[in-house]
Amino acid sequence: MSKKAIKPSLENPFEPAEVVEFNIPGEISGATGPYEEAMREGHELIQRPIKSVAIGQIEKQHFKKRMTVWERIKVLTEKEPNVLYQNWGKNLDGASLVTAILNINGRDVALYGHDFTVRAGSIDATNGQKLARLFKMCGEKGIPLIGMNDSAGAFVPAGVGGLDGYAEAFTALRKISGVVPSIMCMFGFNAGGGSYLPRQGSFLIQPNDTFFGLTGPGVVKSVLGEDITPEELGGPKVHGQSGVVDLTVNDEVGALRTAVRLLSYLPDNNSVAPQYLATSDPLERKTWEINTLLKKAFNSPTGFNTPFDVSLIIQQVCDHGDYFEVQPERAREAVTAFGRLGGNVVGFVANNSAVSSGQIDCDSATKIARFVRFCNIYNIPLIFMEDTTGFLPGREQEARGIVQAGRAMLDSIIDVRTPRILLILRNAFGGAYASYNNYPTGADVVLALPTTRLAVMGPAGKEFVYKGELRKLRGSVPGIIKEGVKTRVAAGMDGDEAKKDAEKEAADWLKAKEAELNLRYEKELMNPKEGLALGSISSLVMPTDLRKVLGENMQFLLRRYKPGPWQGVQREFH
């Protein structure tokens with residue numbers, strides 16, 4: 001047995017060497033000449049970026065649990081890529097970036113991907129021009145884009161050419177923003193321009209064990225003297241909660257498959273609607289589970305104050321219960337998701353009372369604004385589900401700019417031109433109702449469940465509606481205490497003990513009277529009756545009929561909607 005160590009290799013030692021013939025099939029080969037030599041050189045040049053990469057470089061990539069750019073392409077599609085811009089010079093100039101057109105489920109999709117096995121996927125002037133040309137073609141041809149980012153940044157020996165390359169790519173990608181949707185996947189360790197470029201895209205997906213940020217931990221250490229890990233500085237947990245990343249996944253395969261799934265909900269460009277997919281899930285399907293959920297929640301000891309996860313309602317409404325949530329780790333008091341209803345793609349924007357009573361804060365307002373604006377640009381209809389006690393008050397929110405964030409949300413809703421429906425599930429109070437897709441802000445249809453509590457304020461509104469009665473009740477408390485003390489002392493109770501007991505009795509009496517006014521306020525004003533009478537609500541819907549009513553209304557609205565680019569004045573947007 002040989003004691004010599006065997007070096008692992010990705011090559012099959014038993015595979016015969018590939019011999020490429022440049023003759024026409026059946027042709028009797030003769031003497032070769034300049035033509036065959038030119039063909040051979042051309043074939044080698046085409047194969048060069050794949051064949052010339054050292055096995056050791058591929059092994060390094062695999063050791064870090066990362067794939068090569070060509071392996072990633074195979075996850076996206078089984079069909080061979082149509083590789084564009086094969087500007088691969090003698091030093092593999094430009095080969096660190098691959099650009100191609102893929103066929104993904106019958107759709108043309110543009111793709112770029114850094115090849116980390118070549119110059120660590122760095123960008124030079126050649127690559128910047130290549131990227132800019134690809135982005136421009138996407139806009140002209142109206143095809144979506146997927147980016148696979150795995151780059152060390154600008155190629156240092158290229159000097160300012162690498163920076164110019166990034167700047168050219170930045171500019172071209174910005175110009176197609178709002179024209180075609182783009183999905184960016186973050187792989188490896190990216191910093192600087194390698195972070196800015198993908199965040200210009202529509203959606204950003206980051207797997208575990210990856211990093212991207214303005215600078216790396218080394219720079220932070222040298223400038224600030226702070227020891228920090230890549231995960232703590234720019235990992236998926238950090239970016240997922242801040243909203244820089246839209247989706248976090250376990251690994252590269254998860255990122256690529258998530259990108260393909262997300263793509264299925266998006267149109268090719270801003271001139272068309274998302275693809276319709278016929279469904280076997282009948283639109284008339286009864287949503288009994290929603291009825292059960294609400295019944296258990298509202299018949300519980302906490303009654304109409306019981307929180308519940310609105311995702312369960314979205315699931316029951318969508319075809320076969322399938323939906324795709326965007327930014328699921330950020331601002332959970334609001335849920336933004338894509339789904340299909342009767343085969344049509346719909347964007348869902350829902351308050352989630354399971355978190356902070358569904359109150360809207362700076363993060364959730366910004367999350368809603370960004371999602372609504374995307375749907376508006378790309379002809380995606382919207383269903384809003386309302387269940388919120390209002391905007392989150394407090395010094396922290398004011399300091400963070402809740403007024404500005406709330407305004408951004410309101411602006412995005414007012415600007416919506418696609419079909420849109422509001423469904424009020426329970427609470428719709430104050431400014432949150434006024435800025436949440438009602439008839440005055442442009443809703444096509446406003447529906448409500450019988451559990452709706454539509455009012456200017458929540459239970460605290462009794463302080464204004466029954467102001468005189470409350471003043472009279474509270475004013476009578478001292479008299480009740482005085483009379484109670486007198487009665488107890490006469491019965492032989494100690495003076496201090498009598499006063500304490502009388503005060504407790506008076507407090508319980510006042511609490512009971514205020515509870516009666518709370519119930520009265522809810523019965524008189526916190527219900528859908530006034531909204532129906534004034535026309536703020538179009539009609540009531542039973543929970544078991546939600547899918548049918550929402551689906552029929554949406555199909556009617558879509559029949560009258562003509563997809564196209566967003567025209568008219570483009571207002572400033574925060």
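How are H3 and H10 oriented to each other: parallel, perpendicular or oblique? The views below come from a predicted model, in which local features need pLDDT of at least 70, side-chain atom pairs count only at pLDDT 80 or more, and totals for chains, interfaces and linings use all residues. Residues are numbered from 1 along each chain as its sequence is written, and side-chain values use heavy atoms, with hydrogens and water left out.

**View 1. Packing of helix H3 (residues 69-76) with helix H10 (residues 252-263).** The two axes come within 9 Å and cross at roughly 45°; H3 and H10 are therefore oblique to each other (angles under 35 degrees count as roughly parallel, over 145 as roughly antiparallel, 65 to 115 as roughly perpendicular and the rest as oblique). Arg72, Val75 and Leu76 of H3 form the contact with Glu252, Val253, Leu256, Arg257 and Val260 of H10 (contact means heavy atoms within 4.5 Å). By class, this contact of H3 with H10 has five nonpolar, no polar and three charged residues.

**View 2. Packing of helix H19 (residues 477-490) with helix H20 (residues 495-524).** The axes lie 8 Å apart, at an angle of about 140°, which makes H19 oblique to H20. Residues of H19 in the contact include Val477, Ile480 and Ile481, and those of H20 include Trp509 and Leu510. The contact of H19 with H20 has ten nonpolar, two polar and five charged residues.

View 3. Proline 440 counts as exposed because its relative accessibility is 75% (exposed means over 50% relative accessible area, with a 1.4 Å probe and protein chains only). Its C-alpha atom is separated by 8.6 Å from that of serine 536, 96 residues apart along the chain.

Methods:
Axes are lines fitted to C-alpha atoms, for helices over the stretch in contact, and angles run from 0 to 180 degrees between N-to-C directions. Helices (H or I, at least four residues) and strands (E, at least two) are DSSP runs, numbered from the N terminus. Ala, Val, Leu, Ile, Met, Phe, Trp, Tyr, Cys and Pro count as nonpolar, Asp, Glu, Lys and Arg as charged, and the others, Gly among them, as polar. Buried means under 20% relative accessible area, exposed over 50%, partly exposed in between (1.4 Å probe, protein chains only).
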